[in-house]
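Hi there,

Here is the structure I promised to pass on to you. Have it open while you read, and I will walk you through what turned up.

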Amino acid sequence: MPDVIADKARRLDALGTDTTHVSLAEVNFVTDDVAAILARAGHDAQQPTLFVAEHLVLFLTPDDVARLIAGVSQRAAKGSTLVLTAEVHPAGLDSTLVVSTVDDVMFAGAGPLHTIKSRDAWLTLLDEHGWQVHDAAEVTVVNHFELPMTEKPAQIQTQFLTATA
């Protein structure tokens, strides 16, 4: 979103922030190749990098999330860190049904949210792309909302995952 990038640049400038080592890059996570965008923006794939996906993946489809993580992984030097906020449903629920129920109950079918997975599914996705979650057994979480499901309500959480390449 060009307007968002322009706003971020304006805010950094207004704060007098040293942006010598900051590159703001426009990217459409649905259509763009994240690795190529990072390369064009001057990202040094030989240096460890902090990648932050804060409250982003919820709004992307599962395929787009996988492409995003794959693209970042292509540019991640050993020692890079990926910080991700992920919406998580309890184990044993079907993710497609959870997203559909969220859409029906909370958004009257408008469908702005697309990816909610079990914690194990998130950990597997990261592992498949070469990321190791720190202290995988320790969960940093915020209860986001309760979702009515067939047998009992399901607590949807925002979990904060930190992983290294």
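Start with K117: its charged end sits over the ring of W122, 5.8 Å from the ring centre. Please keep in mind that this is a predicted model.

Leaving out residues up to four places away in sequence, W122 touches V57, V65, L84, A86, E87, V88, T115, K117 and L161. W122 also belongs to the largest nonpolar core, which has 22 residues. Along with W122, the residues with the most contacts inside this core are V65, L84, L126, W131 and L161. Which elements each supply at least two residues of the core? They are β1, α3 (62-75), β2 (81-89), α5 and β6 (154-164). Apart from this core lies another one, of 11 residues, including L58, V102, L147 and I156. As background, nonpolar side chains tend to be buried together in soluble globular proteins.

Now for the rings. A pair of aromatic rings is described by the distance of the centres and the angle of the planes. The count here is 1 aromatic pair. F51 and W131 form this pair, which is edge-to-face, with 6.4 Å from centre to centre and 85 degrees between the planes. The pair links distant parts of the chain: F51 is in strand β1 (residues 50-53), while W131, 80 residues apart from it, is in the loop between α5 (119-128) and β4 (132-133). Are F51 and W131 buried or exposed? Both are buried.

Next, have a look at helix α4 (residues 95-107). This helix has 13 residues and reaches 17 Å from its first C-alpha to its last, close to the 18 Å expected at 1.5 Å a residue. At its start, a side-chain oxygen of D94 comes to within 3.2 Å of the backbone nitrogen of T96. After α4 comes A108, with a positive phi near 50 degrees. The buried residues of the helix are V98, V99, T101, V102 and D103, and what covers them includes β2, β5 (141-147) and β6.

One last stop is T49, in the loop between α2 (34-40) and β1. Why does T49 count as buried? Its relative accessible area is 17%, and buried means under 20%. The side chain of T49 makes a polar contact with the side chain of H43, at 2.8 Å. Setting aside neighbours within four places in sequence, T49 is in contact with H43, D44, S80 and T81.

Enjoy exploring!

Best wishes

Definitions and conventions
Residues numbered from 1 in each chain as written. Predicted model: local features only at pLDDT ≥ 70, side-chain atom pairs only at ≥ 80, totals over all residues. Heavy atoms only, no water. Phe/Tyr/Trp six-rings, centres within 6.5 Å; stacked < 30°, edge-to-face > 60°. Helix = DSSP H or I, 4+ residues; strand = E, 2+ residues; numbered from the N terminus. Buried < 20%, exposed > 50% of the residue type's maximum accessible area, 1.4 Å probe, protein only. Lys NZ or Arg CZ within 6 Å of the ring centre and 35° of its normal. Core = buried A, V, L, I, M, F, W, Y, C linked by side-chain atoms within 4.5 Å. Contact = heavy atoms within 4.5 Å. Expected span 1.5 Å × (residues − 1). Polar contact = N/O pair within 3.5 Å; in protein donor to acceptor, adjacent residues only side chain to side chain.
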